[in-house]
Amino acid sequence: MTEPGTPIEAAKTLDPDQLVAGDSDELLSLADDTPETLLERFEERGWGDGLPLIPPTPERVLAMLGGADPSEIIATLPPRRGLATRRALAINAVLAGCRPGLLPVLTTAIRALARPEVNLRGVNATTHPVAPLVIVHGDAVAELGFNAGLGTFGPGSRSNAALGRAVRLVLLHIAGARPGVGDASTQGQPSKYAYCIAENREASPWESYPHSCGIDARSAVTVHCGENPHNFHDMEREGDPASILDKGASVMATLGSNNAPVSSAEFFVVLGPEHATSIAGAGWSRRDVQSYLYERARLPAGDFRRAFDVTQYRAWENALSDSDPKPVTDHPDNIRVLVAGGAGKHSCVIPSWGMTRSVTAALED
Amino acid sequence: MSIQVFAPDGAVGGETRELAAPLDTLAERRLAILDNGKPNADVLMQRMANALVERTAVQYTGMSRKQTAATPCDAELLANLAQNADLVITGSAD
């Protein structure tokens with residue numbers, strides 16, 4: 001029984017013609033409204049992510065749209081070339097368990113993922129386990145119930161989990177990135193279920209991440225296609241920046257990342273608030289963090305050459321002798337620093353897939 | 001209680017393209033290789049090209065290489081291949 005005033009009840013008072021499917025949207029009839037029936041029907045069609053789903057009834061989808069134009073095409077998603085209309089995105093948002101207010105975040109994220117520099121076709125189809133991480137910034141974090149503090153990577157926050165899952169369902173269904181069909185990922189990774197966090201602006205000692213990218217907006221969304229986060233912690237030196245970041249640099253300087261043969265690749269470094277406070281308290285800026293990690297995250301050039309036959313390095317990197325320390329990324333600007341999480345001396349590194357760039361965009365209405 | 005739900009995948013879009021017409025013969029045609037950068041792609045495709053040269057009168061013009069298998073081919077390279085080859089061997093594998 002739904003309560004009066006909820007989105008479902010509100011949708012029932014709207015014009016029934018608005019509930020009619022679009023030209024290309026298929027309506028399925030289910031014998032009953034149980035979760036099991038929906039799950040089994042979707043499994044037969046090769047849909048879903050293996051977890052229980054919320055039935056995308058016309059009423060729920062209409063409520064999710066919130067009056068927005070359902071037929072607007074946000075993006076065409078590879079490899080299937082599926083049309084991500086607002087209606088199609090709303091359907092997947094309902095499936096994932098999103099509250100109606102989250103649709104603009106999903107729309108912004110999908111539009112960002114479709115940008116050429118992301119290389120979504122490669123991200124979806126590769127044998128690498130890469131998954132898009134969505135980072136929500138600004139006023140939207142509190143307004144839409146995202147968790148930027150303790151446990152931001154999960155579990156526990158409905159907005160973080162549902163929005164991350166909605167992105168994955170869009171890629172599965174609309175983009176056609178299904179394991180073995182459009183997604184050749186050898187092993188996958190847990191973040192292919194849901195991968196969404198929020199920036200902890202209140203705990204950050206520096207300007208917000210979007211502002212550092214030149215985005216001047218109340219709220220914003222970043223998409224970064226990469227690996228699962230790799231934790232590093234430092235509790236030994238009373239917050240000495242070098243001690244903290246040397247561990248982060250150690251995580252970055254690995255031959256096991258797809259960034260290793262692609263020196264233009266990005267690393268996202270998500271500092272926990274305590275680490276960020278210690279580093280900033282010692283007078284370090286975000287740029288100082290980037291520069292220090294650039295200097296410290298290095299391996300002998302010969303190690304890269306022995307490990308990889310095919311590389312994408314700049315000419316100056318190829319000119320290094322085998323014993324010269326080569327940075328794992330060719331510029332400090334490729335090291336993207338932000339603050340998220342709660343209490344505790346923990347941070348993490350998220351290497352990219354290599355042949356992709358992150359995108360930050362103002363949150364759409 | 002029966003219900004109706006939307007399918008989650010939506011329509012497929014984008015422009016459709018026609019494939020180039022197949023060659024009626026390989027004799028005197030220009031054969032090129034586009035190495036996509038995957039390990040041993042050059043070895044495999046060179047052997048294919050050698051076999052075609054041996055069995056037909058196709059003329060092998062050389063091998064070009066994409067920067068990486070995971071990104072689209074450089075437009076200039078594609079244009080060059082289109083201008084200087086009648087048949088291109090390419091592909092992808094891990």
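The structure is a predicted model.

## The interface between chains B and A

The size of an interface is often given as the accessible area lost when the parts come together. Here chain B and chain A bury about 2600 Å² between them, and carbon and sulfur atoms give 59% of that area. Three residues, Val5(B), Phe6(B) and Pro8(B), supply 31% of the area that chain B buries against chain A, more than any other three residues. In terms of residues, the contact takes 37 from chain A and 22 from chain B.

The polar side of the interface consists of 11 residue pairs in polar contact, both residues being at pLDDT 80 or more. The residues of chain B that touch chain A divide into nine nonpolar, nine polar and four charged. One salt bridge is found across the interface of chain B and chain A. Its partners are Asp9(B) and Arg80(A), with the closest N and O atoms 3.6 Å apart. Strand S1 (residues 3-6) of chain B gives the largest share of the side that touches chain A, namely four residues.

That strand also takes part in pairing between the chains. Strand S1 (residues 27-30) of chain A pairs with S1(B) in the antiparallel sense, over four bridges. Within this pairing, Ile3(B) in S1(B) stands opposite Leu30(A).

## A covered strand in chain A

Strand S4 of chain A spans residues 131-138, and eight of its eight residues are buried. S4(A) has strand partners in both senses. With strand S6 (residues 219-226) of chain A, S4(A) runs antiparallel and is joined by eight bridges. Pro132(A) stands opposite Cys225(A) in S6(A). With strand S5 (residues 196-198) of chain A, S4(A) pairs in the parallel sense over three bridges. In S5(A), Cys196(A) is the bridge partner of Val134(A).

## Two buried residues

Ile350(A) lies in strand S12 (residues 346-351) of chain A. Is Ile350(A) buried or exposed? Ile350(A) counts as buried because its relative accessibility is 0%, and the cut-off for buried is under 20%. Leaving aside residues up to four places away in sequence, Ile350(A) touches a set of residues including Leu133(A), Phe153(A), Tyr195(A), His224(A), Phe267(A) and Val270(A). Leu133(A) is 217 residues from Ile350(A) along the chain, yet the C-alpha atoms of the two are separated by 9.3 Å.

Asn334(A) sits in a loop, between strand S10 (325-327) and strand S11 (335-339) of chain A. At 6% relative accessibility, Asn334(A) also counts as buried. The side chain of Asn334(A) makes a polar contact of 3.0 Å with the side chain of Asp330(A), and reaches the backbone oxygen of Ser264(A) at 3.5 Å. Beyond residues up to four places away in sequence, the residues touched by Asn334(A) include Ser263(A), Ala265(A), Thr329(A) and Arg357(A). Glu266(A) and Phe267(A) are among the residues that touch Asn334(A), and both are also among those that touch Ile350(A).

## Salt bridges

Side chains of opposite charge can pair when their charged atoms come close. Over all chains, the structure holds 25 salt bridges.

| Salt bridge | N to O distance | Relative accessible area |
|---|---|---|
| Glu72(A) and Arg111(A) | 3.7 Å | Glu72(A) 28%, Arg111(A) 30% |
| Arg296(A) and Asp246(A) | 3.0 Å | Arg296(A) 47%, Asp246(A) 26% |
| Asp322(A) and Arg305(A) | 2.7 Å | Asp322(A) 43%, Arg305(A) 33% |

Which parts of the chain do these pairs join? Glu72(A) lies in the loop between helix H3 (58-65) and strand S2 (73-77), and Arg111(A) in helix H5 (residues 103-113), so this pair ties together parts that are 39 residues apart in sequence. Arg296(A) belongs to helix H12 (residues 286-296) and Asp246(A) to helix H10 (residues 241-252), so the parts tied together are 50 residues apart in sequence. Asp322(A) lies in the loop between helix H14 (315-318) and S10, and Arg305(A) in helix H13 (residues 301-307), so here the separation in sequence is 17 residues.

Other salt bridges share partners: Asp139(A), Glu143(A), Arg201(A), Glu202(A) and Arg218(A) are joined into one network in this way.

Technical notes. Residues numbered from 1 in each chain as written. Chains lettered and ligands numbered in written order. Predicted model: local features only at pLDDT ≥ 70, side-chain atom pairs only at ≥ 80, totals over all residues. Heavy atoms only, no water. Contact = heavy atoms within 4.5 Å. Buried area = accessible area lost by both parts, 1.4 Å probe. Salt bridge = Lys/Arg side-chain N within 4 Å of Asp/Glu carboxyl O. Polar contact = N/O pair within 3.5 Å; in protein donor to acceptor, adjacent residues only side chain to side chain. Nonpolar A, V, L, I, M, F, W, Y, C, P; charged D, E, K, R; others polar. Pairing = 2+ DSSP bridges. Buried < 20%, exposed > 50% of the residue type's maximum accessible area, 1.4 Å probe, protein only.
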